[in-house]
Amino acid sequence: MRDVGMDNLNSAALLAHLRTIVGKRHVLTTPAATQRYATGYRFGQGSVLAVARPGSLVEQWRVVQACVESGVIVIMQAANTGLTGGSTPRDEGYDRPVIVLSTARLKGIQLIDGGQQVICFPGASLYELERRLAKLGREPHSVIGSSCIGASVIGGVCNNSGGALVQRGPAYTQLSLFAQADADGRLRLVNHLGIDLGNDPETILSRLEQGDYRPEDVGHDATRVASDSDYARRVRRVDEASPARYNADPQRLHEAAGSAGRVIVFAVRLDSFPADAGGATFYVGTNDPADLTNLRRDILTRFAHLPISGEYIHRDAFNVAEIYGKDVFLAIERLGTDRLPMLFAMKARVDGLAARIGLKGAHVSDHLLQWASRCFPNHLPQRMRAFRDRFEHHLILKISGEGLEEARTYFAQHGGAKLMEVFECTPREARKAYLHRFAVAGAAVRYRAIHQKTVEDIVAIDVALPRNLPKWQEQLPAAIDDQILHKLYYGHFFCHVFHQDYIAKKGVDPHRLELAILKTLDARGAEYPAEHNVGHLYEAKPALADFYRTLDPGNRFNPGIGKTSAKAGWAPEAETNQP
């Protein structure tokens, strides 16, 4: 990266200022220290001037002030668990130095209205929120998936993350507290939390962090919602020719929601939900995708109670995850989700040490973990493995207690079809089925690390299909299919949101492969990305790009995402500072 627009003297002055704000040990500048913040979980890597790690909301405000005054780029980052590089720098194209604002130290969850709503700070994880609400018999927006690796609540809101729960839709709120810079660089704090905290920015932030407000200070404006309350009705409309949810849906872009780092968010206010009591998990297998098409239509249109979740796994994804996701599965099962952030940090340190001794790119930690996983016996239940041997398509269907009789009656009538079979899971089988579904998400990354000689890269696409599309299973032209070693299909079946990981053969141009695949998706009326935001992988569609410009007219915060301009003031890249 070229530090255009700031000389070494000014850079040194900014770094010195940041150290006075957050402390010397929380301003990281060496490549070894910044690598884990400058490298995406699955995609993306770039250079940074520094990583600043504030320890309070007031410190976060002061860091942003200093960066805006110095004219540098700010990329806000929480857990860095995204799949499209949306909270890490890109490798080129910036005209200013980059500061990564890490919010990992800014933990904090406050319950209001007896836990019916929550306020979450930038470093609060979905797992922490889930654990806090469980004591009250309530749940957050999502309880499955990336919560297991420490994904932040605010990250989910800013990225319109969808989650696996059929009844709740994308993470969404109109109640947030954020900083926004105008075109002239004037920074202002916008308090739309609906809580009276005063007028001065530092007073607002300090009072919020300390919980210094009364119940009567908390407003309940019916015009501002704290969740996507319409989603359950939307997902049932199976004859609509549009997806149920996708990132660039203009109706779900509001201030912090969908902002993807184009404003600096300090807190969000969200609804919580009563925990589902009872229920059961059904495991469905079939060799005919039409069976699942009919199942989805029947449940969404005829059942009085929507399922909790319906997770799809193709047999190829099942097989790859069984081998290359085994260590993640075992780590969650035996150590618990709260230990995973620590394990991922240890993994990053091992790779950092390997790089310092000349083994950069060798994926030492991946090889060690893969070797260790072979020492354990098979971790999947026998009935799941038997279905894998017999069936190409798998569906893990979780039904609440209210809907159990509907489901059991339905499967008694349809579960004995020639091509479709079902069994009701024991609690142990259900737990392992969902852990395996989660392990699929990282299996392609591990496969790439282990098989560098035969794999060029991964093309990862999350796609939202039209609700009325009957032929949801992808059939790629031979010219495209011949470039791919493995196609891993998995996703949220009732929402018609699929994650599609293509492991490209050595020598294949991943960018061209991706463009070819996206053209086939365009022909099917699909929207993409569905729930991981554009990051640096996808091109932001006009409505989304306009939303970014409105939020950040000076292009100071996370510029360049969605393949938009990375230059100050949204200047065309070809017309400004060339290397």
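Begin by selecting helix H4 (residues 126-134): what covers its buried residues includes strand S5 (109-112), strand S6 (117-120), strand S7 (138-139) and helix H5 (153-158). Contact here means heavy atoms within 4.5 Å. Helices (H or I, at least four residues) and strands (E, at least two) are DSSP runs, numbered from the N terminus.

The model is predicted: local features need pLDDT of at least 70, side-chain atom pairs count only at pLDDT 80 or more, and totals for chains, interfaces and linings use all residues. Residues are numbered from 1 along each chain as its sequence is written, and side-chain values use heavy atoms, with hydrogens and water left out.

**Helix H4.** Show the side chains of Leu126, Tyr127, Leu129 and Leu133, which are buried in H4; buried means under 20% relative accessible area, exposed over 50% and partly exposed in between (1.4 Å probe, protein chains only). Viewed down the axis of H4, the buried residues fall within an arc of 160 degrees, so they line one face of the helix. The arc is that of the directions from the helix axis to the C-beta atoms.

**Strand S10.** Next, select residues 264-271, strand S10: seven of its eight residues are buried, so the strand is largely enclosed by the rest of the structure. Strand S6 runs antiparallel to S10 and is joined to it by four bridges; two strands pair if DSSP finds at least two bridges between them. Ile119 has Arg269 in S10 as its bridge partner. Strand S8 (residues 176-181) is also antiparallel to S10, again with four bridges, and Leu177 stands opposite Ala267 in S10.

**The open sheet.** Move to the four strands that form an open sheet of mixed pairing, in the order S1-S2-S4-S3. Its edge strands, S1 (27-28) and S3 (73-77), each pair on one side only. Strands S2 (residues 50-52) and S4 (residues 98-102) run parallel and are joined by three bridges; Ala50 has Ile99 in S4 as its bridge partner.

**Thr34.** Select Thr34 in helix H2 (residues 31-38). Thr34 counts as buried, at 6% relative accessibility. Leaving aside residues up to four places away in sequence, Thr34 touches Leu28, Thr29, Val48 and Val51. A distance between C-alpha atoms gives 8.7 Å from Thr34 to Ser47, 13 residues apart along the chain.

**Helices H12 and H15.** Display H12 (residues 364-373) with H15 (residues 427-450): their axes come within 9 Å and cross at roughly 105 degrees. That makes H12 roughly perpendicular to H15. Axes are lines fitted to C-alpha atoms, for helices over the stretch in contact, and angles run from 0 to 180 degrees between N-to-C directions. Angles under 35 degrees count as roughly parallel, over 145 as roughly antiparallel, 65 to 115 as roughly perpendicular and the rest as oblique. At the contact, Asp366, His367, Leu369 and Gln370 in H12 meet Arg446, Ala449 and Ile450 in H15.

**Backbone geometry.** Most residues other than glycine have a negative phi, and most peptide bonds are trans. Select Glu255, in the loop between helix H7 (231-235) and S10: although not a glycine, Glu255 has a positive phi of about 50 degrees. Glu255 is buried, with a relative accessible area of 16%. Continue to the cis peptide bond joining Tyr528 and Pro529, with omega about -5 degrees; Pro529 lies in the loop between helix H17 (510-523) and helix H18 (542-551). Asn555 counts as buried, at 0% relative accessibility.
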